Amino acid sequence: MPGKSLSPWTLGWFGSAVIFLLLALVLAFVCDLGPGDWARPQALAVVHLFTLGWLAQVMLGALVQFVPVLTAYPLPRPALALPALLATGAGTLALSAGFLGLDGHTGMQVLFRIAPLVLGCGFALVAVMILPSLARKANLHLIEVRMVLIALAGLAGLWTTGGAMVLTLGGASLTVDLAQMLPLHMLFGIGAFLSFAAFGVSYKLFAMFLLAPETAGWQRRWVGGLAAVCAVLMLAALAVALSGAFAAPIRLALSLPALALCGLYLDDIRRLWRNRRRPALEPNMAWSRVALVFLGLSAALLPLAQWQGGRMAEAAVFAALVGWLSTLTLSQLIRITSFLTWIQVFAPLIGRRKVPVVQQISDRVTASRALALWSASTGLGVASLLFGSHIAFRLALAGLFLAAAAIARELVAIRKLWHLPVADRPPCLPPIIRPSVHPLSVAEP
Amino acid sequence: MADPQLQDLRQALRAVVDPETGHDLIAMGMIYDLRLDRDRALVTMTTTTPGCPLAGFLRMGVETALRAVPGIREVAVTLTWDPPWSPDRMESPRPRP
Ligand code: HEM
């Protein structure tokens, strides 16, 4: 049946993620967070509402939707998407509440302890869903597929480091050296899991949106190889740190392959860009360029961040999480939501009557303005962390919130087809977060 | 001179549009073969990528559009990704800026 490759909960993942994004930004503003404040319990809560609630949820939802496109093989157990979504959402809330409890609220301690378990269930369910398609022999030669597999190894490392730190902070008998574990945790989360998955998915998405040939050159093979090297070094550092020995030399050595990897990835994307058949860029691709600039910036700051910590590390993490990963995600979210909505509402009418094109159901001016505000605010945020300006950081937070709210509104407008003339809208629209194809919703007007 | 009914079929396919690009399937180079066997239209087509979520819908759209051509009673659509689609198949690729 057409449409069977659509995961019914993709928009549920996206919606939940956007709510977490708005929540994280509001909380950061209300708690008056700024440069140098990152060890505060409120900061830890905000960081995880952002990284797990927003970035990880959107990435997991995107993988569930996208792995069948990448592998041309349907997911064997699509029904696990809803429990996975609920578990990651609940786990994120529990972890963040637990962080707030570090201030002394004993009631929150229980939530803190169970959060890694709940999150682990969510991650495992996603892995069970997508691994059988990824690990098929016919797909393993694809660098994009290998990158997503490495990202899943990164997710395991992220969970292990995070869980070990939760046990330590929660006063369990197992304790780890937080000073060793935390930098590794960030490398697993930001690098191995989120960035490597984004590299893999973007190769395919960018080629599709730019109409560029998908042929993989030597750069892409090197990107795949270096990503594997980085993941192995991270896992080795984790094993060393867990055994109680000093893992910093391995972690520092990682900067070199990581820098080469980012450089080659950017060069590969530049090649894709130059070979594109679509000269006019849509907002999703135009603003993805800003994300790529922030990727370059955070990669350039990585050796300094690893060496010096402090402001450099704060700026590098912010540039990566807010500049690279979030700008990329927000730009593509608008496009992917439009595409899924289009399929749901108009695809069954192909060949029967004239249908609008995907671009018509979103508003490029609104999207571009919101993404411009997001990008400018991110730039201000990075600068304020580098120079230690509290007031500038608050201004950046306000800008980020306004931009995110404008994008959230645009996503609702897309789902409700507000940008189409009334005559072109079907009489009844599908529910806002379920993208299954409803034959009734496409009755001829 | 091409068969006028084949021309009609091609014309019908020009109305089936790839929603991503706004180009019709012939302009996109997605129609690999189109034949007429009396009142049967035989199409071999592709999509931009094998896992494309639109594949089933485009196939149905092609069937519906061709069946509406006068004189056509049956339509057989074969989806293939061998050879794979590439942007080089697009009609008159626009020059790069
Ligand atoms: C993509 C997902 C994640 C990312 C990007 C991420 C990132 C981070 C960052 C940047 C910090 C430092 C925050 C600060 O200093 O203010 C941190 C700390 C921490 N994370 Fe995560 N994290 C993720 C997921 C998790 C998970 C799944 C867990 C638990 C299972 C976890 C547990 C912790 C703990 C306990 C700390 C505090 C360590 C300390 O107090 O020194 N994180 N994480």
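This is a predicted model: local features need pLDDT of at least 70, side-chain atom pairs count only at pLDDT 80 or more; totals for chains, interfaces and linings use all residues.
Me: 28 residues of chain B are in contact with 33 residues of chain A. What makes these residues count as being in contact?
Reply: Contact requires heavy atoms within 4.5 Å, so the 28 residues of chain B and the 33 residues of chain A are counted on that criterion. Residues are numbered from 1 along each chain as its sequence is written, with chains lettered from A and ligands numbered from 1 in the order in which they are written.

Me: How do you know what confidence the predictor places in chain A and chain B?
Reply: The pLDDT is the predictor's confidence in each residue, on a scale from 0 to 100. Chain A averages 92, with 96% of its residues scoring at least 70. Residues 438–445 of chain A fall below 50, although this stretch has 19 contacts in the model beyond near neighbours in sequence. Chain B averages 88, and 93% of its residues score at least 70. For the complex, the predictor gives an ipTM of 0.86 and a pTM of 0.94.

Me: What is the area buried between chain B and chain A, and what makes it up?
Reply: Buried area is the accessible area (1.4 Å probe) that two parts lose on being put together, summed over both. Between chain B and chain A this is about 2500 Å², with carbon and sulfur atoms giving 69%. B:Glu20, B:Pro53 and B:Phe57 supply 28% of the area that chain B buries against chain A, more than any other three residues.

Me: How is chain A divided into domains, and what describes the contact of domain 2 with domain 3?
Reply: The bounds come from an automatic or database domain assignment, which gives domain 1 (1–140), domain 2 (141–279) and domain 3 (282–445). The C-alpha centres of domains 2 and 3 of chain A lie 23 Å apart, and their contact takes 22 residues from domain 2 and 24 residues from domain 3. About 1900 Å² is buried between domain 2 and domain 3 of chain A, 81% of it from carbon and sulfur atoms. A:Ile190, A:Phe209 and A:Trp273 supply 26% of the area that domain 2 buries against domain 3, more than any other three residues.

Me: Which angle and distance describe the packing of α1(A) against α11(A)?
Reply: Helices are DSSP runs of H or I with at least four residues, and strands are runs of E with at least two, numbered from the N terminus. Axes are lines fitted to C-alpha atoms, for helices over the stretch in contact, and angles between N-to-C directions run from 0 to 180 degrees. On this basis α1 (residues 10–30) and α11 (residues 310–346) of chain A pack at about 145 degrees, with axes 11 Å apart. Among the residues making the contact are A:Phe14 of α1(A) and A:Ile336 of α11(A).

Conventions. Side-chain values use heavy atoms; hydrogens and water are left out.
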